[in-house]
Amino acid sequence: MKIIIGAGKTCQDGWISTQEDELNVLRRSDFEKLLGGEKADAFLAEHVWEHMTYDEGVLASKNVYEFLKPGGYIRAAVPDQNFRNEWYQNMVKVGGNGDPKHPAYTHKIVYDVCAFERVFEEAGFQVKRLEYCDETGEFHYHEWNEADGRIGRSLRFDTRNQGGKLGMVSIIIDAVKR
């Protein structure tokens with residue numbers, strides 16, 4: 001069983017798309033209700049964790065960890081604090097552009113790769129970095145398989161990345177249950 005958290009309109013073959021009212025990652029009871037005593041093989045969360053505080057992110061990671069099979073994983077992506085692009089940073093900052101209809105309006109944190117990694121390590125995960133900008137703003141990419149969870153806001157799949165120029169990046173990690 002593979003589950004997309006906060007899917008919005010995202011659908012992927014072989015994955016179950018959920019919305020916050022079906023699976024609020026802060027509520028253990030939602031996992032119990034959705035999974036019915038089973039454990040998931042994988043979770044996918046694209047631009048979800050920035051809508052929680054750091055401590056809520058750790059709690060959500062602990063819940064995901066509990067409801068994963070051993071060796072299971074979560075592929076997670078969030079906006080990148082270290083991406084050197086003024087338009088991007090104004091769009092993804094806490095509170096977004098101030099418009100309550102804008103998706104970033106409910107952002108509570110913007111992560112750098114080290115902080116995002118810690119959120120999952122505190123829950124017991126082993127983390128592999130897939131895409132991110134380091135503290136100098138340099139972008140790093142490590143090959144990943146889209147069949148393990150496609151991230152649209154990524155180097156390969158976001159149409160704003162063209163002609164060798166980055167227009168949209170995310171911190172993307174795989175966090176594996178030990």
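These legends describe close-up views of one predicted model. Local features are given where pLDDT is at least 70, side-chain atom pairs count only at pLDDT 80 or more, and totals for chains, interfaces and linings use all residues. Residues are numbered from 1 along each chain as its sequence is written, and side-chain values use heavy atoms, with hydrogens and water left out.

**View 1. An open sheet of 7 strands, with mixed pairing.** The strand order is E2-E1-E3-E4-E7-E5-E6. Strands (E, at least two residues) and helices (H or I, at least four) are DSSP runs, numbered from the N terminus. Two strands pair if DSSP finds at least two bridges between them. Strands of a sheet pair through backbone hydrogen bonds, either parallel or antiparallel.

**View 2. The edges of the sheet, at E2 and E6.** Strand E2 (16-17) and strand E6 (139-141) each have a single partner strand, so one side of each has no neighbour in the sheet. E2 runs parallel to strand E1 (residues 2-4), and 2 bridges join them. Ile-4 stands opposite Ser-17 in E2. E6 pairs with E5 in the antiparallel sense over 3 bridges. Here Tyr-132 has His-140 in E6 as its bridge partner. The hairpin of E5 and E6 has 5 residues between the strands. In that hairpin, Gly-137 takes a positive phi near 95 degrees.

View 3. Buried means under 20% relative accessible area, exposed means over 50%, and partly exposed lies in between (1.4 Å probe, protein chains only). Strand E3 (residues 40-46) pairs with E4 in the parallel sense, over 6 bridges. Ala-45 has Ala-76 in E4 as its bridge partner. Strand E7 (residues 171-177) pairs with E4 in the antiparallel sense, also over 6 bridges. Ala-77 stands opposite Ile-172 in E7. E7 also runs antiparallel to E5, with 6 bridges joining the two. In E7, Ile-173 is the bridge partner of Arg-129.

**View 4. A right-handed β-α-β unit made by E3, helix H2 (residues 54-66) and E4.** A crossover is right-handed if, with the strands pointing away from the viewer, the path from the first strand over the helix to the second runs clockwise. Asn-63 lies in helix H2. Asn-63 counts as buried, at 6% relative accessibility. Beyond residues up to four places away in sequence, Asn-63 touches Val-25, Leu-26, Arg-27, Arg-28 and Phe-31. Contact means heavy atoms within 4.5 Å.

**View 5. Leu-44, a residue of strand E3.** At 2% relative accessibility, Leu-44 is buried. Its contacts, leaving aside neighbours within four places in sequence, include Ile-3, Ile-4, Ile-5, Trp-15 and Ile-74. Gly-149, Arg-150 and Ile-151 are also among them. Leu-44 and Gly-152 are 108 residues apart along the chain, and their C-alpha atoms are separated by 12 Å.

**View 6. Two histidines in the loop between E3 and H2.** His-47 has a positive phi of about 55 degrees, although it is not a glycine. His-47 is buried, with a relative accessible area of 10%. His-51 counts as partly exposed, at 25% relative accessibility. C-alpha to C-alpha, His-51 and Gln-12 are 22 Å apart in space, and 39 residues apart in sequence.

**View 7. Helix H2 packed with helix H4.** Their axes are 8 Å apart and meet at an angle of about 45 degrees. That angle makes H2 oblique to H4. Angles under 35 degrees count as roughly parallel, over 145 as roughly antiparallel, 65 to 115 as roughly perpendicular and the rest as oblique. Axes are lines fitted to C-alpha atoms, for helices over the stretch in contact, and angles run from 0 to 180 degrees between N-to-C directions. Tyr-54, Gly-57, Val-58 and Ser-61 in H2 meet Ala-115, Arg-118, Val-119 and Phe-120 in H4.

**View 8. Helix H4 (residues 113-121) across the sheet strands E4, E5 and E7.** H4 runs at about 160 degrees to strand E5 (125-133).
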